[in-house]
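Subject: Structure for your review

Dear colleague,

Please find below the structure that I am handing over to you, with its sequence. My notes on it follow.

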Amino acid sequence: MSQQRSSYAVGTGLFIVLGFAALAYLATQTSSVANVHQGASYSVDAHFTNIGQLKERAPVKIAGVRVGQVQSITLTPGQEVADVKLAIDKRYDAIPQDSVATIFTSGLLGDQYVGIEYGSSKQMVAAGGTLSRTKSSQPLEEMLGKFFGAGGVTDNIGGTYVVKADFTNVGTLSAGAPVKMAGVVIGSVQSVRADPVKLNAQVVLAIDKRYDTIPDDSSAAVFTSGLIGSQYVAIQPGGSPDALKDGDEMILTQSAMQLEDLIGKFLVNGSSSDKKDAGDGKSDTPAGKH
Amino acid sequence: MNARAPQHNNVVIQSLAQIGNCGLFLLTLLVAIPRSFRYVRETVRQLWFVGAMSLTIIMVCGLFIGMVLMLQLYNVLSIFGSTSASGMVVALAVYRELGPVVTALLFAGRAGTSITAEIGLMRATDQIDAMEMMAVDPIAYVATPRFLAGLIAMPLLCCVFCAMAIFGGHLVGVTWLGIDNGTFWSNMTAVVVVHTDIVNGVLFKSLVFGAVVSLIAVFQGFTTPPTSEGVAYATTRTVVASSIAILALDFVLTAFLM
Amino acid sequence: MTDSVRATPDDSTLVRIRGLTTVLNGKTIFDALDMDIPRGKVTAIMGPSGTGKTTLLKHITGQMRADAGEIRVNGENVADLSREQLYKLREGIGYLFQNSALLTDFDVFENVAFPLRQHTRLPEVLIRNLVLLKLQAVGLRGAARLMPNELSGGMARRVALARAIVFDPMLILYDEPFVGLDPVALNQVLKLIRTLNQTLGITSVLVAHELEAIKQVADHIFLIANGKVVAQGDPKTIANDGSPWTRQFFGGEADGPVPFQYPAGDYAQALGFAGAVK
């Protein structure tokens with residue numbers, strides 16, 4: 001019987017140990033206090049001016065193939081660049097020193113990863129070395145702006161004229177966003193800055209010289225393309241016989257509607273109940289950034 | 001201990017009386033805790049029966065919950081091209097809700113029923129009276145060790161369940177569906193917070209559920225009429241009452257902890 | 001510890017019951033019952049079914065509280081005892097349950113060792129010897145490693161008896177010790193009761209219906225009915241005391257003071273003849 005008793009005790013002990021092991025696993029491996037553990041790897045530094053949504057343990061890829069992961073992301077006080085430590089598998093130890101590390105996004109809403117494009121140097125980067133050539137994360141707005149906009153900054157060869165417009169709220173409108181009339185792109189947003197005196201946003205629109213007959217009482221509105229799309233400036237022509245000229249200011253403006261306000265108008269109880277999604281609402285729709 | 005003493009026809013009054021009796025019984029159990037310290041061996045033995053013996057079902061169910069959750073999430077999230085988030089959603093769903101609730105429901109079915117049936121049969125065969133006669137307090141010797149064992153076993157079982165669910169999610173998501181391993185973990189670790197998700201979600205909830213399930217199981221065993229029908233009826237009651245209590249308390253706790 | 005309790009030889013009465021009154025669910029079980037159970041003797045309590053004989057045993061052990069009256073076991077008023085004192089008293093009382101009430105989790109050896117393990121810190125060797133001694137006394141040393149569900153009814157009762165005497169109690173209460181036993185098992189239990197009483201001097205109280213068995217073993221018989229003692233005496237004299245109770249009980253008549261009919265309304269009326277007869 002004493003043997004029987006001790007077998008209970010041993011089994012129960014095993015059970016308790018297993019339970020605590022599972023707890024330790026949950027607490028260390030799946031949560032934010034996780035310490036990075038991995039196989040044989042060496043670490044390389046890379047400095048980025050903007051890491052976007054890059055997270056620790058995000059993959060590092062070469063030609064789309066995973067070769068390692070992000071070990072740590074630190075910001076040295078006093079510096080404006082993020083120091084990203086990449087842990088790369090020992091097998092891929094022949095990365096040229098002048099390779100370019102870029103932060104890419106997989107898909108529109110997907111996660112970000114570090115891609116390495118090989119350079120041509122004979123010198124290989126050593127463990128603890130630094131990849132000096134980096135391309136930072138491209139904010140989605142900029143990318144979209146390049147896509148839809150009239151070539152963004154590159155179109156400033158002299159084919160545009162500049163018009164100012166004041167908005168009380170520009171939402172997430174940023175430089176490079178398209179300016180459209182009747183749905184057709186006619187220019188791009190050159191700059192967005194807050195006016196310290198009038199306490200509103202002053203947007204400078206660069207409009208293609210071809211469209212020089214826009215009436216000067218036209219209105220400008222900040223619209224959003226689709227629910228989670230980027231924002232752009234839409235111009236609705238007025239009826240004045242005079243056209244807008246370079247340096248003019250548009251008087252009639254309509255500010256960006258915030259997604260919350262829109263939804264709030266739809267729902268009965270308004271937007272007062274928006275405090276709960278801090279933990280899980282991780283998808284970074286442009287509209288969720290105010 | 002005579003549950004049949006107040007006979008009310010009104011269902012509401014009857015349920016209230018049950019809850020009241022249950023609460024009084026909890027007091028009796030708690031008062032008996034110091035006296036049950038001398039029966040530590042018995043607590044360990046019960047921990048074996050309610051904890052270690054429930055391990056298989058908990059592990060298998062945890063694995064499948066994690067697997068099916070990952071499969072569903074992958075299919076839905078692939079519409080938005082964000083399958084990489086599925087690992088983190090599995091973790092959050094399991095830690096905050098599914099882990100404690102499903103473990104508690106399984107625990108009620110596996111361990112709760114056996115506690116009720118065992119105590120009911122012990123009463124039906126005069127074993128409880130025999131203990132009284134041998135100057136062994138049945139509350140301290142039978143009831144409290146089982147209650148404590150349930151209290152200790154549930155959080156441990158829940159941890160095992162969650163770990164298995166993560167493993168199952170990893171198996172389906174990473175091994176079969178090809179989500180990147182690092183993305184899987186990095187998303188998870190970025191979102192899961194030890195305090196809110198693991199301590200409040202996994203440990204606290206399962207501790208409360210463990211207390212409730214084992215209290216109901218022991219209470220039903222002790223108060224049922226000591227006959228075969230009485231024991232059968234009490235066993236059913238344990239599952240029904242525990243399930244309702246678990247789900248209702250889950251809502252209250254979630255609202256409270258958030 | 002039982003020795004100190006037992007050391008009051010001047011009092012020949014171990015259990016003294018005075019004016020015991022109990023009402024359960026509106027039904028009077030005992031109505032000012034008086035009873036003296038002599039020390040060192042075998043006392044049988046008989047009576048029609050449902051007269052509360054088992055309830056009486058539970059009063060003696062303090063498992064049930066009386067509504068009025070007092071019960072003194074070895075001079076101590078059971079109703080006045082605290083939980084600890086009551087448990088102390090019960091260590092000196094063995095109780096044999098009708099269905100043995102062995103703990104189904106443990107084997108025979110552990111069942112007998114159970115009270116020792118709970119109340120003493122004896123070394124394992126001593127526990128082993130004590131348990132084997134008691135099992136030898138009931139003739140089941142060879143069955144020490146069987147589980148309760150492997151035992152026959154008679155064996156289970158003998159194991160329960162071994163468990164009841166493991167502390168060498170001053171008093172053993174037998175609740176229906178002969179029910180459901182075949183003649184061989186019955187005689188074995190009977191022999192044990194007699195041996196325990198004669199060799200160890202243990203006061204025995206048995207509640208039973210088996211007239212023949214009781215006549216063989218009992219020194220004193222109480223006949224209880226309607227909440228009172230209706231007859232008492234030794235087996236030879238009690239049958240001849242001439243009261244209708246003893247005549248019916250020891251003569252085995254179907255009707256008498258214990259009615260054949262459960263109290264009911266008028267028979268003819270129940271059958272619907274009431275109008276026709278009148």
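How many residues does α7(B) have, and how far does it reach from its first C-alpha to its last? The model is a predicted one. In it, α7(B) has 39 residues and reaches 53 Å from its first C-alpha to its last, which is close to the 57 Å expected at 1.5 Å a residue. The helix bends by about 35° at T144(B), and a proline, P145(B), follows within four residues. Of the 39 residues of α7(B), 34 are buried, so the helix is largely enclosed by the rest of the structure. After α7(B) comes G178(B), with a positive phi near 80°.

A bend is also found in another helix of chain B. α5(B) has a kink of about 55°, centred on V94(B). D126(B), which follows α5(B), has a positive phi near 65°.

Nonpolar cores

The largest nonpolar core holds 163 residues. The members that touch the most others are C159(B), V160(B), C162(B), V159(C) and L173(C). α7(B) gives the most to this core, with 24 residues. For V160(B), leaving aside neighbours within four places in sequence, the contacts are L18(A), G19(A) and A22(A) from chain A, together with L55(B), I58(B), M59(B) and G62(B) from chain B.

Contacts between chains

Between chains B and A, the contact takes 38 residues from chain B and 36 residues from chain A. On the side of chain B that touches chain A, at least two residues each are supplied by α3 (40-51), α5 (86-124), α7 (138-176), α8 (181-191) and α9 (194-223) of chain B. α8(B) gives the most to that side, with nine residues. By class, the residues of the side of chain B that touches chain A are 25 nonpolar, nine polar and four charged.

Between chains B and C, the contact takes 10 residues from chain B and 15 residues from chain C. The side of chain B that touches chain C has five nonpolar, two polar and three charged residues.

Chain A

The secondary structure of chain A consists of three helices and 16 strands. Chain A has 290 residues, and buried residues make up 30% of them. Among the contacts in chain A with a separation of 6 or more, 65% are between residues 24 or more positions apart.

Backbone points in chain C

Most residues other than glycine have a negative phi. N25(C), which is not a glycine, has a positive phi of about 50°. N25(C) lies in the loop between β1 (13-24) and β2 (27-38) of chain C. Is N25(C) buried or exposed? With 7 other C-beta atoms within 10 Å, N25(C) is exposed.

A101(C) is not a glycine either, and has a positive phi of about 55°. A101(C) is placed in the loop between β6 (93-96) and α4 (108-119) of chain C.

With kind regards

Technical notes: Residues are numbered from 1 along each chain as its sequence is written. Chains are lettered from A and ligands numbered from 1 in the order in which they are written. This is a predicted model: local features need pLDDT of at least 70, side-chain atom pairs count only at pLDDT 80 or more; totals for chains, interfaces and linings use all residues. Two residues are in contact if their C-beta atoms, placed from the backbone, lie within 7 Å. Ala, Val, Leu, Ile, Met, Phe, Trp, Tyr, Cys and Pro count as nonpolar, Asp, Glu, Lys and Arg as charged, and the others, Gly among them, as polar. A nonpolar core is a set of buried Ala, Val, Leu, Ile, Met, Phe, Trp, Tyr and Cys residues joined through C-beta atoms within 7 Å. A residue is buried if 20 or more other C-beta atoms lie within 10 Å of its own, exposed if 12 or fewer, and partly exposed in between; C-beta atoms are placed from the backbone. The bend at a residue is the angle between axes fitted to the seven residues ending there and the seven starting there. The expected span of a helix is 1.5 Å times one less than its number of residues.
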